[in-house]
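Thanks for coming, everyone. Please have the sequence and the 3D view open while I talk.

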Amino acid sequence: MDTIGRVICYGKTMVSANSWHCKKHVGINRLYYIYSGIGGYEHNGNKYPLRAGNLYFIPYTADFTPFCDASDPIVHTYIDFELIPPIVTNEVITMEANKNNKIASAVSVFTLGGEISNHCDLSALYDDLMFWELCKTSMIYLVNEIALTNRIQKITDEIVIKSLEIMHLRMHEKLTVNGIARECYMNPDSFIRRFSRIVGVTPRTYLKNIRLQTARCLRESGMNLSQIASETGYSDASTLSHALRSQ
């Protein structure tokens, strides 16, 4: 889990009982740090509290519906991001932010980055690239610690990891399954079988899904369709708009 594909949203905010939604997007996970407030989340039919001073890692495959008390809204730092390779769990994972000095230090950088950046706008962090890299490093460290502490599996197949890196980091290019297979030094049919067995869907389906879901996230952040099309590998805004409507 040493590579991050893309950070979609990052910030600090307060949510009310009627405005807190955690939309699911293929391949896009979320990390919360809770400052204050009364609330919790529903997961697999059960309700759990969200406690101040804790981190919550929500993989995109997890059943997660947050809620909070209208009289005492939740204040939190959050980040939506891709992980390469993905981790293999459907569970919402909790960790104390002050578990040890290293974790506490990483949390302090992570939360500072959320305070500086605006909701869905990372421009303030991009102005200081060294601090931006530090923020991403702190987030990756925290997710790795959560995975290690809870013995969460991750994809370890080097061919599949390389293909996922190509898809996530270069989705703006005109990628093809055959081209990805060649870059991985594999026969296309063998590559498709290997990828499908480990990831659970074909490479073509996976690439289509992450392009569409990334486009949806960027659309929600306010980016215009032409920019999104360029970011996600569609030829133009019209083609992207048609793909979104078709899905």
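**A walk through the model**

Tyr-185 is exposed, with a relative accessible area of 74%. One caution before I go on: this is a predicted model. Now, back to Tyr-185. Find it in the loop between α5 (177-183) and α6 (188-199). Its phi is positive, about 60°, although Tyr-185 is not a glycine.

Arg-151 is another residue to look at. It also has a positive phi, of about 55°, and it is not a glycine either. Where does Arg-151 sit? Its place is in the loop between α3 and β10 (153-154). Is Arg-151 buried or exposed? It is exposed, because its relative accessible area is 78% and the cut-off for exposed is over 50%. Now pick out Thr-239. Arg-151 and Thr-239 are 88 residues apart along the chain. Their C-alpha atoms are separated by 42 Å.

Let's go inside. How many residues does the largest nonpolar core have? It has 30. Six of them have the most contacts inside that core: Tyr-10, Leu-31, Phe-57, Phe-81, Phe-110 and Leu-142. Which elements give two or more residues to it? On the strand side, they are β1 (3-15), β2 (28-36), β5 (54-58), β7 (74-84) and β9 (93-96). On the helix side, they are α1 (101-116) and α3 (129-149). Helix α3 gives the most, with 9 residues.

The structure holds 1 cavity of 30 Å³ or more. About 80 Å³ of space lies in the largest cavity.

On to the cysteines. A disulfide is a covalent bond between the sulfur atoms of two cysteines. How many disulfides does the structure hold? The count is 0. Look at Cys-135. Its nearest cysteine sulfur, that of Cys-9, is 15 Å away. A disulfide needs the two sulfur atoms within 2.5 Å, so Cys-135 is in no disulfide. Cys-135 counts as buried, at 2% relative accessibility. Cys-9 is buried too, with a relative accessible area of 8%.

Val-160 is in helix α4 (residues 158-169). It counts as buried, at 0% relative accessibility. What does Val-160 touch, not counting residues up to four places away in sequence? Its partners are Ile-155, Arg-194, Phe-195, Ile-198 and Val-199. Val-160 and Pro-203 are 43 residues apart in sequence. In space, they are 9.6 Å apart, C-alpha to C-alpha.

Gln-153 is in strand β10. This one is exposed, with a relative accessible area of 56%. Not counting residues up to four places away in sequence, Gln-153 touches Ile-87 and Val-88. Gln-153 and Phe-64 are 89 residues apart in sequence and 20 Å apart in space, C-alpha to C-alpha.

Ala-237 lies in helix α9 (residues 237-246). Leaving aside its neighbours within four places in sequence, Ala-237 is in contact with Leu-225, Ser-226 and Ala-229. How far is Ala-237 from Phe-57? They are 180 residues apart in sequence and 33 Å apart in space, C-alpha to C-alpha.

Notes
Residues are numbered from 1 along each chain as its sequence is written. This is a predicted model: local features need pLDDT of at least 70, side-chain atom pairs count only at pLDDT 80 or more; totals for chains, interfaces and linings use all residues. Side-chain values use heavy atoms; hydrogens and water are left out. A nonpolar core is a set of buried Ala, Val, Leu, Ile, Met, Phe, Trp, Tyr and Cys residues joined through side-chain atoms within 4.5 Å. Buried means under 20% relative accessible area, exposed over 50%, partly exposed in between (1.4 Å probe, protein chains only). Helices (H or I, at least four residues) and strands (E, at least two) are DSSP runs, numbered from the N terminus. On a 1 Å grid over the protein atoms alone, a cavity is a set of points where a 1.4 Å probe fits but cannot get out, and a pocket is an open set with protein on both sides within 12 Å along at least five of seven lines; lining residues have an atom within 4 Å of a point. Grid points are joined across faces, edges and corners, and a volume is the space filled by probe spheres set on the points. Contact means heavy atoms within 4.5 Å.
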